[in-house]
Amino acid sequence: SLDGILGVVCVNGDGHDAGSTVLTVTCDATTITNTLDSGDVLNISDSGDAGASTYTLTATTFQRTGTALVTYGTVETLNVSAGTGADTINVTTTAASVNTTINTTAGGDTVNVTATGATSNVVINGDAGANAITITTTGAASVTVVNAGGGADVLTLVANGANSGVGLNGDAGTDTINVRSTSAGSATVANGGANTDTINISSNA
């Protein structure tokens, strides 16, 4: 867990070797592909924490309630894993042109994404509980993929950036997927997955 992180931590990836991460979303004739360096990897894991915690991620910082601030920069890949309780993950934004993966781990979590960075790759992986994942908008030319997990999940896309790709995957469970608006040049794919799902496309969804 992160219980022992009580003093501030600064992480600088600096230089890195070759290697790439590719995310692609295709809808009809529109394909959005984003290729980024995999580079330096920062793993932040609170998977040993069973409490209901709140996490805040920005383009340069990460913090869990009750722990010290982690500041990061010049890393190409960031992996964040929450605890096993019913957590809340607030993403102010992700770093531009960086691969960011958020794992809810367990417990059925609430994930609020205000924005993602321009030309970023973002993957959000839900768990077997009932997760509520809301994306207010995504960065221009970015790709965001949400994998809901096994619970009865609610995935909501409020808007996305120009020329961006968004994949909303319900996976197992009886899921609800809401798409309220999409931008010019973007591609959005909603996959219900197994079981009986509801997909709403409307500004009122």
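## First stop: T77

Select T77 and N99: their side chains are joined by a polar contact of 3.4 Å. (A polar contact is a pair of N or O atoms within 3.5 Å; within protein, one must be able to donate a hydrogen and the other to accept it, and residues adjacent in sequence count only if both atoms are side-chain atoms.) Before you go on, a word on what you're looking at: this is a predicted model, where local features need pLDDT of at least 70 and side-chain atom pairs count only at pLDDT 80 or more, while totals for chains, interfaces and linings use all residues. Residues are numbered from 1 along each chain as its sequence is written, and side-chain values use heavy atoms, with hydrogens and water left out.

Stay on T77, which sits in strand 8 (residues 77-81). Strands here are DSSP runs of E, at least two residues long, numbered from the N terminus. Now show the backbone of S38: its oxygen lies 2.6 Å from a polar atom of the T77 side chain. Is T77 buried or exposed? T77 is buried, because its relative accessible area is 10% and buried means under 20%, with exposed over 50% and partly exposed in between (1.4 Å probe, protein chains only).

## Next: T105

Jump to T105, in the loop between strand 10 (99-103) and strand 11 (110-113). T105 counts as partly exposed, at 34% relative accessibility. Leaving out residues up to four places away in sequence, T105 touches S47, S81, A82, G83, T84 and D127; touching here is contact, meaning heavy atoms within 4.5 Å.

## Then: a hairpin

Select residues 20-27 (strand 2) and 30-37 (strand 3), which run antiparallel and are joined by 8 bridges. Strands pair if DSSP finds at least two bridges between them. Find T21, and opposite it in strand 3 you'll see L36. Between the two strands are 2 residues, and in this hairpin D28 takes a positive phi near 55°.

Switch to cartoon view and trace an open sheet of 10 strands, in the order 1-7-6-5-9-11-13-15-17-19, with mixed pairing. Strand 1 (9-12) and strand 19 (198-201) are at the edges; each has a single partner strand, so one side of each has no neighbour in the sheet. Finish on strand 17 (residues 176-179), which pairs with strand 19 in the parallel sense over 4 bridges. Which residue in strand 19 is the bridge partner of V179? Select I201 and you've found it.
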